Every structure is written in C-alpha cells, then in structure tokens.
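Good morning, and thank you for coming.

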Amino acid sequence: MLDRQIPYFNMILKCSTYQPEKIHLPENFSFRYFQPGDEKNWARLEYEIGDFASPDEAEEYFKETYGKEQEELSERCVFLINEQGDVIGSGIAWRDKRKGKSAASLHWLVVDPAYQGRKLGKALCRKVMEIFWKKGEFPVYLHTQPWSWKAVLLYLRLGFRLQKEDTFADYENQYQAAMETLKNVLNEEQYRELLAHSEDGR
C-alpha cells in the first residue's frame with residue numbers, strides 16, 4: 001500500500017518518445033476497454049487504494065471528469081481483468097492543457113492492492129502508452145507525488161523523465177521539494193536513478 005505519511009508534492013513526468021513492446025500478462029488475465037457501468041469499477045479501485053473517501057465520491061469525480069465523453073472513454077480507458085472476470089486495474093490515456101494547447105496525459109494508473117507486485121502495473125502502463133502511440137500523441141505527461149515512488153520508478157523505466165521545471169494543466173512543478181523528500185525515503189541506488197532520469201526541458 002502507499003505510504004501516505006510521505007509529504008505530498010507535485011511531480012511532473014514526461015515521455016517524449018515510446019517504442020511499443022509485446023505486453024506480457026499472466027495466463028487468464030486480459031485487457032478490455034471502458035463499457036457503460038465501469039465507472040463503478042473504477043470508483044471501487046480508486047477507493048480501495050485511498051484516493052477517495054468513498055466509492056460514491058470517486059464515481060462522482062469520474063462522471064464529472066470523463067462521463068460526457070463516452071466514445072472517447074471506449075478508446076482511452078483500459079481495464080485489467082483477472083481470471084474470474086473481475087476488474088483489478090485501470091489506466092486512462094487522456095489529455096489536459098499545456099500552454100493553451102492540448103497535451104496527452106496519463107491519468108489514474110491503478111492496480112488492486114491484492115494484485116500488486118506481479119508486474120501487472122508495468123503491463124497496464126504499456127497498454128495505455130500503446131494507445132497514445134497508435135494515436136500519435138506525444139509527448140505524454142503525467143502527474144504524481146512522492147508517496148507513489150514505486151510507480152515513479154516504473155514510469156522512468158518505461159521511458160518517462162522527471163521534469164525539473166516543465167509542467168501541464170494547473171500543476172505547480174515541485175521537483176526540488178519532492179526530491180528532498182525522496183532522498184530520505186529511497187535507497188542510494190533508487191535515488192540516483194531518479195537523478196539520472198531528470199531533465200530541464202520545458
């Protein structure tokens with residue numbers, strides 16, 4: 001589970017280029033795209049990892065943010081399905097604004113805590129990035145925070161770079177504060193990896 005006692009700061013990542021690879025899923029796991037009613041599955045996942053105070057709050061957020069674009073959701077919102085046909089993960093290949101223009105952005109990559117540690121997050125992230133790649137939508141931005149440092153390392157290994165100054169949407173880039181926080185959380189090798197994958201580009 002996420003350690004939410006770690007201080008919160010905005011971290012901005014960007015992937016400028018991406019080369020798709022074969023996605024490896026355990027046997028009997030699969031992907032499918034959003035279908036009407038999946039807002040409840042998404043809300044349950046996000047509530048279970050603590051991003052919302054209740055499933056109802058999460059569902060309301062989903063409807064307000066994405067609900068008016070059902071056709072887009074059917075192409076951009078991916079769910080990970082287990083052996084029993086249950087939804088255990090999700091990711092959204094969406095968009096935000098950057099300097100007055102549309103910018104591709106990865107939203108809400110999540111895997112059910114009971115299934116974490118099985119490389120499912122990596123497979124799910126690749127599936128979402130494949131959507132951007134097929135649509136020719138690069139660079140791809142994402143927003144995260146220090147308590148998601150395990151996901152940050154995953155993103156870096158898939159081609160993202162930490163941004164020291166660049167940002168998108170309305171996020172204030174808090175790179176320095178986030179890195180000072182993570183210096184006390186990560187081991188030396190992990191912290192060096194963050195430094196090696198940081199860039200000044202705007």
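Let me begin at the hairpin of strands S3 and S4, where 5 residues lie between the strands and glycine 85 takes a positive phi near 85°. Strands here are DSSP runs of E with at least two residues, and helices are runs of H or I with at least four residues, numbered from the N terminus. This is a predicted model, in which local features need pLDDT of at least 70, side-chain atom pairs count only at pLDDT 80 or more, and totals for chains, interfaces and linings use all residues. Residues are numbered from 1 along each chain as its sequence is written, and side-chain values use heavy atoms, with hydrogens and water left out.

S3 and S4 pair in the antiparallel sense over 5 bridges; two strands are said to pair if DSSP finds at least two bridges between them. Valine 78 has glycine 91 in S4 as its bridge partner. On to the next strand: S4 and S5 run antiparallel and are joined by 9 bridges, with serine 90 partnered by valine 110 in S5. These two strands also form a hairpin, with 2 residues between them, and lysine 99 in the turn has a positive phi of about 55°.

How many of the 12 residues of S4 are buried? The count is 9, so S4 is largely enclosed by the rest of the structure. Buried means under 20% relative accessible area, exposed over 50%, and partly exposed in between, with a 1.4 Å probe and protein chains only.

I turn now to strand S6, residues 140-144. Here 5 of the 5 residues are buried, so S6 too is largely enclosed by the rest of the structure. Val140, Leu142 and Thr144 point one way from the strand, while Tyr141 and His143 point the other way. On one hand, S6 pairs with strand S1 (residues 11-15) in the antiparallel sense over 5 bridges, and lysine 14 stands opposite tyrosine 141. On the other hand, S5 and S6 run parallel and are joined by 2 bridges, where serine 105 has tyrosine 141 as its bridge partner. Between S5 and S6 the chain passes through helix H4 (residues 120-135), and this β-α-β crossover is right-handed. That is to say, with the strands pointing away from the viewer, the path from the first strand over the helix to the second runs clockwise.

Next, helix H1, residues 38-48. Which of its residues are buried? They are Asp38, Glu39, Trp42, Ala43, Leu45 and Glu46. They cover an arc of only 165° around the axis, which puts them on the same side of H1; the arc is that of the directions from the helix axis to the C-beta atoms. These buried residues pack against S2 (30-33), helix H2 (55-66), S3 (77-81), S4 (87-98) and S5 (101-111), where contact means heavy atoms within 4.5 Å. Just after H1, glycine 50 takes a positive phi of about 90°.

Finally, the chain as a whole. It has 7 helices and 8 strands, and 47% of its 202 residues count as buried. Among contacts between residues at least 6 apart in sequence, 70% join residues at least 24 apart. The C-alpha trace spans about 40 × 35 × 35 Å along its principal axes.
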